[in-house]
Amino acid sequence: MQQAENTQRPARLRVGVIGAGRVGSVLGAALERVGHRVVAASAVSEASRDRVAGRLPGARVAEPAEVVAESDLVLLTVPDDALEALVHGLVETGADVSGTFLVHTSGAHGYHVLASATAAGGLPLALHPVMTFTGRDEDLDRLASCSFGVTSPDALRPIAEALVVEMGAEPVWIAEEYRTLYHTALAGGANHLVTLVAESASLLHAAGVEHPSRMLGPLMGAALDNGLRLGMDGLSGPVLRGDTETVSAHIGELRRHSPESVSAYVALARLTADRALAAGLLKPHDAERLLDVLQA
């Protein structure tokens with residue numbers, strides 16, 4: 001059985017990493033785990049060099065152009081705003097990208113951000129792991145249970161998806177024109193959730209709760225599960241019930257204890273009321289009363 005599985009794998013690739021941060025070092029390690037070989041990595045900071053030594057011990061630390069020269073596939077794991085300039089710089093300085101898979105992991109971009117390298121013969125792939133990376137060892141194991149947003153030229157789609165499947169993850173095709181919308185949805189959900197949890201914990205601490213996380217864990221875990229399974233039908237709380245006095249009291253307490261969060265609470269409560277009304281969960285007269293309170 002193992003022998004049959006091996007015959008279906010793509011050819012083993014020499015992998016390079018430009019930007020050996022939290023994401024690049026983990027993806028490099030994930031590709032090594034399934035038989036590819038990380039041969040070179042660029043690492044500017046001491047933390048990056050430590051990641052290469054710890055997670056990619058077979059890789060030589062090199063300049064970006066050297067990483068490209070030694071690799072069949074290059075992971076371009078740099079910040080979103082630096083990606084286009086990096087690729088353009090590589091091409092302008094004569095790095096030979098022809099026939100090389102260039103894989104970026106930015107959620108905000110599709111493969112068109114690699115246009116200058118594509119024009120020079122590079123093979124562009126956008127593989128975005130839908131996962132938060134903490135820099136800890138568990139990141140590698142979490143990778144195997146997540147989805148990847150995959151965008152590429154049609155001819156390269158089978159290869160892009162095969163690489164994701166090899167790492168144990170699920171490829172989800174995202175058309176180039178929807179890439180920003182896709183990333184907006186993910187950032188709005190995951191990043192803002194962390195802020196909401198931190199804000200709730202801070203308010204509970206101010207209310208005298210010694211261990212806010214113990215209180216929030218079961219509640220928010222259930223809320224997340226309900227939202228994923230049931231959508232708006234999983235909603236509970238004062239907005240759903242049309243409890244305008246409670247919502248008004250919340251806004252008053254926030255003004256006293258966390259005035260910077262009032263506008264966010266009001267905006268989210270309005271959005272909740274709008275969605276609950278559209279779903280038939282909130283009566284129109286209750287929605288009208290709530291919106292009067294939410295003019296803050």
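**View 1. Crossing of helices H9 and H10 in the predicted model**. The axes of helix H9 (residues 179-206) and helix H10 (residues 212-230) come within 9 Å and cross at roughly 135 degrees. Angles over 145 degrees count as roughly antiparallel and those from 65 to 115 as roughly perpendicular; H9 and H10 are therefore oblique to each other. The handedness of this crossing is right-handed.

**View 2. Residues in contact between H9 and H10**. On the H9 side, the contacting residues are Leu-193, Val-197, Ser-200, Ala-201, Leu-204 and His-205. Their counterparts in H10 are Pro-212, Met-215, Leu-216 and Met-220.

**View 3. Buried face of helix H3**. Helix H3 covers residues 46-55, and Ser-48, Val-52 and Arg-55 are buried in this helix. Seen down the helix axis, the buried residues of H3 fall within an arc of 95 degrees, so they line one face. These buried residues pack against three elements: helix H2 (22-33), strand S2 (37-42) and strand S3 (60-61).

**View 4. Exposed side of helix H3**. Glu-46, Asp-50, Ala-53 and Gly-54 are exposed, on the other side of H3 from the buried Ser-48, Val-52 and Arg-55. Here, exposed stands for over 50% relative accessible area, and buried for under 20%.

Definitions and conventions:
Residues are numbered from 1 along each chain as its sequence is written. This is a predicted model: local features need pLDDT of at least 70, side-chain atom pairs count only at pLDDT 80 or more; totals for chains, interfaces and linings use all residues. Side-chain values use heavy atoms; hydrogens and water are left out. Buried means under 20% relative accessible area, exposed over 50%, partly exposed in between (1.4 Å probe, protein chains only). Helices (H or I, at least four residues) and strands (E, at least two) are DSSP runs, numbered from the N terminus. The arc is that of the directions from the helix axis to the C-beta atoms. Contact means heavy atoms within 4.5 Å. Axes are lines fitted to C-alpha atoms, for helices over the stretch in contact, and angles run from 0 to 180 degrees between N-to-C directions. Angles under 35 degrees count as roughly parallel, over 145 as roughly antiparallel, 65 to 115 as roughly perpendicular and the rest as oblique. A crossing is left-handed if the near helix is turned anticlockwise from the far one by less than a right angle, and right-handed if clockwise.
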